[in-house]
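Hello,

I am passing a structure on to you, and my notes follow below it. Please have a look at it first and then read on.

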Amino acid sequence: MNAAGILQIVVYFAVLTAGAIPLGAYMARIYSGERTWLDPVLGPFERAIYKVCCVKPDQEQHWTVYAFSALMFSVVGLLLMYAVMRLQAMLPLNPAGQAAVPPDLAFNTAISFTTNTNWQNYGGESTMAYLTQMLGMTVKNFTSAATGMAVLVALVRGFARRQSKTVGNFYVDAVRSILYILLPLAVVVTLALVWQGMPQSFDAYTEATTLEGVKQVIAQGPVASQVAIKHLGTNGGGFFNANSAHPFENPTALSNLIEMAGELLISAGLVFAFGRMIGDKRQGRALYIAMALMLVVGITVCYWAEAAGNPLVQAMGVDVASSDLAPGGNMEGKEVRFGIANSAIFAAATTGTSTGAVNAMHDSFTPIGGMVPLVNMMLGEVIFGGVGCGLHGMIVFVIVAVFIAGLMVGRTPEYLGKKMETREVKLAVLCILIFPLSILGFGAVAMVLPAGLAGMSAAGPHGLSEVLYAYTSATANNGSAFGGLSGNTLFYNTTLAAAMLIGRFLIIVPTLAIAGSLAAKKIVPPSAGTFPTHGSLFIGLLIAVIVVIGGLTFFPVLALGPIVEHFALAAGTLF
Amino acid sequence: MIKQILPATLLTLLLTVLLGLGYPLAMTGIAGTLFPTQAHGSLIEKNGTVVGSALIGQTFAKPEYFHSRPSATTDADPADATKTVPSPYNAVNSMGSNAAPSSKAYIESTQALVDQIKAENPDARIPLPVDLVTASGSGLDPHASPAAIEYQLPRVAKAHGIAEAELRALVASQTEGRVFGILGEARVNVLKLNLALDERWPLAK
């Protein structure tokens, strides 16, 4: 660790906070249906969309109808994307002549992009046609993000409304998310990324003759338009196999900052929007501080572990010290232009949010460095989390936290004036239990079946980490991987797809049920006995609840994976 | 509830056209006008042929050139399509090694690489920097650290029969610092450096 690296972490948080606060104010207006400066341009367009699509914007939905709409919107998109992948060989815009995607891989990929996971069992440049990347990946990057944002908005309305039967209109929330937030930001970010060197063309792969006279075929394509929304929508599915480590997908340290800030911007902004929408900005600020604190800890641990490097490589007489002339540390799977600090920030940010893009290969991180992304996901993707999903996941933890606080003093817990009763607490616990059930359940199955064991590339504890990481990433809808795992098999394609569906829809539906239940309640004015949820005591309690639930659940399996690997490596034991 | 299927379907189709065709096509048009070089892959031409991209690394094996970092990219085995063979800097199949830090095979191959690079650079004046013995995440890293270039400098100078100080001046002109002095790391673009080297001290054909 050095001063230059720490300065970059500070710059990152400064850029993020400076962007998130105004964006939060803007998004609060969008979801409250207020006019914004984009209205004259986009307003007529928005109304035309509703007309063409038979959406009645004034018709509010009960939470069950809202959930059903979200599910239908996902299912139709999933089927369309599956069809495009299966038919790509017959469709235009396929200069590299990619063949049809095999059924199990297309199934896995369609679910992966529908659930905002963007786990990739394929290499983009060697599998997908340009048209597939556009009609499939790019579109899903928008729509899956908008679905998450809509669900959050419904939940926030649950708090803001009193004795209401409805929570909003799903289609309106989704369309407004895309039209007023995601699309304008994506246009700006696309152009910034091309400026930094990202390709955006339909050129066929270029054949170059290197200085030493060897042929080198260079893959490119309409990269920037997809990568922009891949980060803004916390999707993370790369245009190229190496994702944001690929110099075309992340050409410079500045593009890297844009991508890292982009993937937290909306999630962080929504926290501030939440505060405004419920009429108490302090509540949003408290959640922001809780999330930021956890992110800082993750980045610091990861940076420290990676900067220390691999002790066995150092023992070979290799210089791992960082300086102004060398990145040092553990550079396996990392790019020189990013070095150690930016790889650590990226790894923690991409897994704290549900983005899952990578600018360095997590599988080759040191055991503790690689445990940080794993733990971030296990905590439930609430360290800013996916757009929308992160905050609604965090609010579920808040419900549990106020419940625990209520137990301690013997009062009915309340949050933002809504009493948390049996139904809400049960639904919140259900959301939380889905995680270990899916991660440890599927992980255990893979550990005993030959088809599961066959996928591991590493022996010993690291092999367990690879499998554990895969099901954690799928359930958390993250999408990053310990890439050594051979996931493109019938077994992994199917079980990972199941984990992604569980992690998405078995959380969205109970969350919307909480929204519906809260919206129907009265708002109780705060009294002397109300536990304040905007102070440092509450922030501490909330973090403790998240860490204790995550820690108690996953510590045993972490001890068998990265923790034992760390001590083995220090002792010079190899596998 | 069934009534909700129609808007879901229509909205999906409309958004597919808008975001899947309209948005990328518009972006391609605008980006191609504003930033034509970058939009088409930052290709470098020399005497009318494309010699590579400024952003994509390539393999250098001759002692007269500065070498790139190790690359773990592969290609399909010509003898058996279900298998792969190493194919460094294969720009249609980007990947890292994904080697585990505790893997015996990884530590052994790294040791072999360290021995090989030390043998190739007997006159190196600094310790072997870590980025020169580790594969990048993409397998296409266009850069090496200034230390990795300095490590190879005595070998390259000797191969060209030139003074190290002269070569060091050329390297300095090709070294890029952190963006705005803050972001990222100092680096040298290996292809651009070798092109500059060719320009200044052409190789005997």
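Let me start where two strands meet: strand β3 (residues 318–319) of chain A runs parallel to β5(B), and two bridges join them. Strands pair if DSSP finds at least two bridges between them. Within β5(B), Pro129(B) is the bridge partner of Asp319(A).

A word on the basis: this is a predicted model, where local features need pLDDT of at least 70, side-chain atom pairs count only at pLDDT 80 or more, and totals for chains, interfaces and linings use all residues. Residues are numbered from 1 along each chain as its sequence is written, while chains are lettered from A and ligands numbered from 1 in the order in which they are written.

Now the interface. In total, 93 residues of chain B are in contact with 109 residues of chain A (C-beta atoms, placed from the backbone, within 7 Å). α1(B) gives the largest share of chain B's side, 22 residues. By class, that side has 51 nonpolar, 34 polar and eight charged residues. Here Ala, Val, Leu, Ile, Met, Phe, Trp, Tyr, Cys and Pro count as nonpolar, Asp, Glu, Lys and Arg as charged, and the others, Gly among them, as polar. Helices (H or I, at least four residues) and strands (E, at least two) are DSSP runs, numbered from the N terminus.

Within chain A, look at α14(A) (residues 389–409) and α15(A) (residues 422–448), whose axes lie 9 Å apart. Residues in their contact include Phe403(A) of α14(A) and Cys431(A) of α15(A). By class, this contact has nine nonpolar, no polar and one charged residues.

Enjoy exploring!

Methods: Two residues are in contact if their C-beta atoms, placed from the backbone, lie within 7 Å. Axes are lines fitted to C-alpha atoms, for helices over the stretch in contact, and angles run from 0 to 180 degrees between N-to-C directions.
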